[in-house]
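User: I'm opening this one for the first time and would like to go through it slowly. Could you walk me through it?

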Amino acid sequence: EMQRSLVGSEMCIREAHILNKVMTSETTVGELMEEFRFESQAHFTHYCKQHFNCTPRELIMKYQVVNQ
C-alpha cells in the first residue's frame with residue numbers, strides 16, 4: 001500500500017516536471033521524450049492522453065509561451 005502511494009506521487013511529480021519544461025522553454029516533443037525517458041512516441045502520446053487529456057503536440061501548443 002505504501003509502495004502504491006509513492007508511485008502515485010512520483011507520477012504527479014513527473015507530470016509537473018513535463019509541464020514546467022513545456023512552459024519555460026521552447027522544447028520539442030522529441031526533447032521531452034528524451035529528457036523524461038519515454039521509449040517511444042506511442043508511449044509518450046499514451047501518457048499525455050492519460051495525464052493531460054491531449055497529445056504531446058497539443059500539450060506544447062496549449063502551454064508553451066512562444067517569445068514574440
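This is a predicted model: local features need pLDDT of at least 70, side-chain atom pairs count only at pLDDT 80 or more; totals for chains, interfaces and linings use all residues.

**A first walk through the model**

User: OK. What does the side chain of K21 meet in a salt bridge?

Analyst: It meets the side chain of E35, at 3.2 Å from N to O; a salt bridge here is a side-chain nitrogen of Lys or Arg within 4 Å of a carboxyl oxygen of Asp or Glu. The pair links distant parts of the chain, with K21 in helix α1 (residues 2–24) and E35 in helix α2 (residues 29–35), 14 residues apart. E35 is partly exposed, at 41% relative accessibility.

User: And how many salt bridges does a search of the whole structure find?

Analyst: The search finds one.

User: Stepping back, how many helices and strands are there?

Analyst: The protein chain has four helices and zero strands, taken as DSSP runs numbered from the N terminus (helices are H or I, at least four residues; strands are E, at least two). Of its 68 residues, 28% are buried. Among contacts with a separation of 6 or more, 51% are between residues 24 or more positions apart, a contact being heavy atoms within 4.5 Å.

User: Which residues touch the most other members of the largest nonpolar core?

Analyst: Those are I18, L32, F38, F44, F52 and L59, in a core of 14 residues; such a core is a set of buried Ala, Val, Leu, Ile, Met, Phe, Trp, Tyr and Cys residues joined through side-chain atoms within 4.5 Å. Helices α1, α2, α3 (41–52) and α4 each supply at least two residues, and α3 gives the most, with four.

User: Let's move to α4. Which of its residues are buried?

Analyst: In α4, which covers residues 56–63, P56, L59 and I60 are buried. Seen down the axis of α4, these buried residues fall within an arc of 95°, so they line one face of the helix; the arc is that of the directions from the helix axis to the C-beta atoms.

User: What about the other side of α4?

Analyst: There, M61 and K62 are exposed, and M61 has a relative accessible area of 63%. M61 and V22 are 39 residues apart in sequence and 9.2 Å apart in space, C-alpha to C-alpha.

User: Last topic: how many disulfides does a search find?

Analyst: A search of the whole structure finds zero disulfides, a disulfide being a pair of cysteine sulfur atoms within 2.5 Å. C54 is in no disulfide, and its nearest cysteine sulfur, that of C48, is 6.3 Å away. C54 counts as buried at 7% relative accessibility, whereas C12 is partly exposed, with a relative accessible area of 47%.

Technical notes:
Residues are numbered from 1 along each chain as its sequence is written. Side-chain values use heavy atoms; hydrogens and water are left out. Buried means under 20% relative accessible area, exposed over 50%, partly exposed in between (1.4 Å probe, protein chains only).
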